[in-house]
Amino acid sequence: LDSDELFFSRSSVVEHFAALSAEGVDQMTYLNHEGVPEVVETQDYFASTTLFRRHHFVVPLSTEAREGIRFWMDRSQHGQYLLFYDNGKSACRAGLG
């Protein structure tokens, strides 16, 4: 993870990765959701960001959702929905043996 990213799991991170290990999963890619700053300056971006663009793979593509995606694409210089990357973030097990 980069310093500007958070990892969310419904269980503890330890439990989450232990469950993957128990299933024999050595690599997992997570879809990213992009925070949209609602204030210019803040002491804590993680606490003050409450608006997120959900990854387009998990958005049910209703007419309203398509309009919302188009709204964000029209606001960017190059017509992208997510501004930084949309290929997810991967985690892998590293260790001896």
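Here are a few questions and answers about pockets and salt bridges in this predicted model.

User: Which element gives the largest share of the lining of the largest pocket?

Analyst: Happy to start there: the largest pocket has a volume of about 1,200 Å³. Of the 32 residues that line this pocket, the closest to its centre include Asp 4, Glu 5 and His 33. Elements giving two or more residues to the lining include β2 (34-35), β3 (52-53) and β4 (89-92). The largest share, three residues, comes from β4.

User: How far apart in sequence are the parts that Lys 89 and Glu 5 tie together?

Analyst: Lys 89 and Glu 5 form a salt bridge, with their closest N and O atoms 3.4 Å apart. Lys 89 lies in strand β4 and Glu 5 in the segment before α1 (13-22), so the pair ties together parts whose separation in sequence is 84 residues.

User: What volume does the second largest pocket have?

Analyst: This pocket is lined by Phe 7, Phe 8, Ser 9, Arg 10, His 16 and Tyr 30. By class, that lining has three nonpolar, two polar and one charged residues. The volume of the second largest pocket is about 150 Å³.

Methods. Residues are numbered from 1 along each chain as its sequence is written. This is a predicted model: local features need pLDDT of at least 70, side-chain atom pairs count only at pLDDT 80 or more; totals for chains, interfaces and linings use all residues. Side-chain values use heavy atoms; hydrogens and water are left out. On a 1 Å grid over the protein atoms alone, a cavity is a set of points where a 1.4 Å probe fits but cannot get out, and a pocket is an open set with protein on both sides within 12 Å along at least five of seven lines; lining residues have an atom within 4 Å of a point. Grid points are joined across faces, edges and corners, and a volume is the space filled by probe spheres set on the points. Helices (H or I, at least four residues) and strands (E, at least two) are DSSP runs, numbered from the N terminus. Ala, Val, Leu, Ile, Met, Phe, Trp, Tyr, Cys and Pro count as nonpolar, Asp, Glu, Lys and Arg as charged, and the others, Gly among them, as polar. A salt bridge is a side-chain nitrogen of Lys or Arg within 4 Å of a carboxyl oxygen of Asp or Glu.
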